[in-house]
Amino acid sequence: MRRAFAHGELTPDGYCAIDGVRILEEAIRSGLRFRAVFFSNSTQNKAARLLPQIGANVETLLLPDKLFASAVPSETPQGVAALVRWKEHSPDDVIARAQAGPLLAIAGVQDPGNLGTILRSAEAFGAAGVLLGEGTVSPFNSKLVRASAGSVFRVPIARTKLDAMLGAMRAQGLRLIATSSHKGITLSKAKLTGQLAIFIGNEGGGLPRDLISEMDEVVVIPHSSKVESLNAGIAASIVLYEISRQRR
């Protein structure tokens, strides 16, 4: 348990560490399978409320408060944590879903709050799935899970090398579109219907040049010159909204 929380990665048998009442409730609502649930001594009332929703045959551990706090590092400790089975997807599976909505390809977004926001907006605006490229923060990071408000459990996600998947995207009939802070077609003038893969670069350098050279189109979100750029979470959310608006 301690290792799963400390490293923000899956356990060897495919379970993700989560914490907080709301996130556990989202995991329940998402139909995830629980392997174990942990409560601190001071939160037994929460245990009585949550356990009937989780179901039978799930290991439940009541830990001393200090032991729980050492095992579950959190800025907002709530005394509730769990290990849940992750719904795994392959990159090809995610790309194949692009008929149902836009695909997001994330290139090196490192801030968990940004990627959590992207995943939340992806679900809100009907994205078909998300590919996480090299250098992108782990989707199992506890801050990301909280920032996504549970969307990370429901949006199909796969980690991959984005340049290695360009051929599969084109074979699927996807138009490859990059976002830029400065140069490109104004977002409102871009045609964002049909099957799309939207590439979002990292917070500092944006999309790598080798990926930009492969794009069919680059779009820019107009904003005040007083602001150098929008963060990745905001930019992705605005683009997803515009895609949704045009498709309506």
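In the predicted model, the side chains of D216 and R170 meet in a salt bridge, with an N to O distance of 3.3 Å. This pair links distant parts of the chain, its residues lying 46 residues apart. D216 is located in the loop between helix 9 (209-212) and strand 11 (217-220), whereas R170 belongs to helix 8 (residues 162-171). Both partners are partly exposed: D216 has a relative accessible area of 43%, and R170 has a relative accessibility of 36%.

A further contact is formed between D13 and R35, where the closest N and O atoms are 2.4 Å apart. Here too, distant parts of the chain are linked, with a separation of 22 residues. D13 sits in the loop between helix 1 (2-7) and strand 1 (15-19), and R35 in strand 2 (residues 34-40). Relative accessibility is 35% for D13, which counts as partly exposed; R35, at 33%, also counts as partly exposed.

Within helix 2 (residues 21-29), E26 and R29 are 3 residues apart, and therefore separated by about one helical turn. These two residues form a salt bridge whose closest N and O atoms lie 2.9 Å apart. E26 counts as buried, at 12% relative accessibility, because the limit for that class is under 20%. R29, in contrast, is exposed, with a relative accessible area of 58%.

E26 and R29 are also part of a network of salt bridges that links them with E123 and R154. In total, the count for the model comes to 10 salt bridges.

How values were computed: Residues numbered from 1 in each chain as written. Predicted model: local features only at pLDDT ≥ 70, side-chain atom pairs only at ≥ 80, totals over all residues. Heavy atoms only, no water. Salt bridge = Lys/Arg side-chain N within 4 Å of Asp/Glu carboxyl O. Helix = DSSP H or I, 4+ residues; strand = E, 2+ residues; numbered from the N terminus. Buried < 20%, exposed > 50% of the residue type's maximum accessible area, 1.4 Å probe, protein only.
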